Amino acid sequence: MNDWESGIIQVNDEHAIDSSLTEEQLLETAFYSNYFHSVRKLGNGYIWYHFDQVPLLDRLFFVSVCFKDTSLIVVEISLQGNEFPTSWDNWSEEGERKRQREHDRLLERHLSIKPSYRQTKPYPYKEYKLIWGKICSYFDPRSGNTAIAFKYKNEC
């Protein structure tokens with residue numbers, strides 16, 4: 001079971017991601033072996049690992065894990081499915097807003113706290129502050145990205 005309020009993301013009953021995860025530990029997990037999609041090294045100490053078709057909460061997600069100098073700083077998860085855009089070929093603002101509304105519903109179901117901050121303009125954004133960092137739900141029309149972001153203390 002996922003314990004998002006503690007910053008823990010579990011995949012297939014494996015304690016896959018939490019605030020203490022290091023890059024080296026990630027590379028040794030079954031999560032990495034089973035769902036790895038790609039890696040993007042930015043050349044400035046930041047490295048993003050991307051995972052595809054990750055089962056969470058009986059749904060499939062695209063998961064991105066970002067390290068800065070081997071320390072975990074951000075995990076972003078985004079629902080996958082035919083009801084949402086899958087590429088620039090079928091991207092639409094309404095499709096991304098639909099994904100963002102579903103992300104918000106998931107957070108309402110799996111967090112016992114209310115958002116500490118929310119906005120609707122210029123784009124939808126909700127933020128939940130927790131002891132280990134914060135969880136944000138956002139849609140950014142400039143980048144076309146929609147996600148739930150787990151931002152750990154060293155990023156906040």
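A residue is buried if its relative accessible area is under 20%, exposed if over 50%, and partly exposed in between (1.4 Å probe, protein chains only). In this chain of 156 residues, 47% are buried. This is a predicted model: local features need pLDDT of at least 70, side-chain atom pairs count only at pLDDT 80 or more, and totals for chains, interfaces and linings use all residues. Residues are numbered from 1 along each chain as its sequence is written, and side-chain values use heavy atoms, leaving out hydrogens and water.

**Fold**
- The chain has 3 helices and 10 strands, which are DSSP runs numbered from the N terminus (helices: H or I, at least four residues; strands: E, at least two).
- From the N terminus, the order is β-β-α-α-β-β-β-β-α-β-β-β-β.
- The C-alpha atoms fill a box of roughly 40 × 35 × 35 Å along the principal axes.

**Aromatic rings**
- The structure holds 12 aromatic pairs. Rings of Phe, Tyr and Trp (its six-membered ring) pair if their centres lie within 6.5 Å; planes under 30 degrees apart are stacked, over 60 edge-to-face, and the rest tilted.
- Tyr32 and Tyr49 pair edge-to-face, with centres 6.2 Å apart and 75 degrees between the planes. Tyr32 sits in helix H2 (residues 30–35) and Tyr49 in strand E4 (residues 46–56), 17 residues apart.
- Tyr49 is buried, at 5% relative accessible area.
- Tyr49 also pairs with Phe67: the centres are 6.1 Å apart and the planes at 80 degrees, so this pair is edge-to-face. Phe67 lies in strand E5 (residues 59–68), 18 residues from Tyr49.
- Phe67 is buried too, at 0% relative accessibility.
- Ring pairs link Phe31, Tyr32, Tyr35, Phe36, Tyr49, Phe51 and Phe67 into a cluster.
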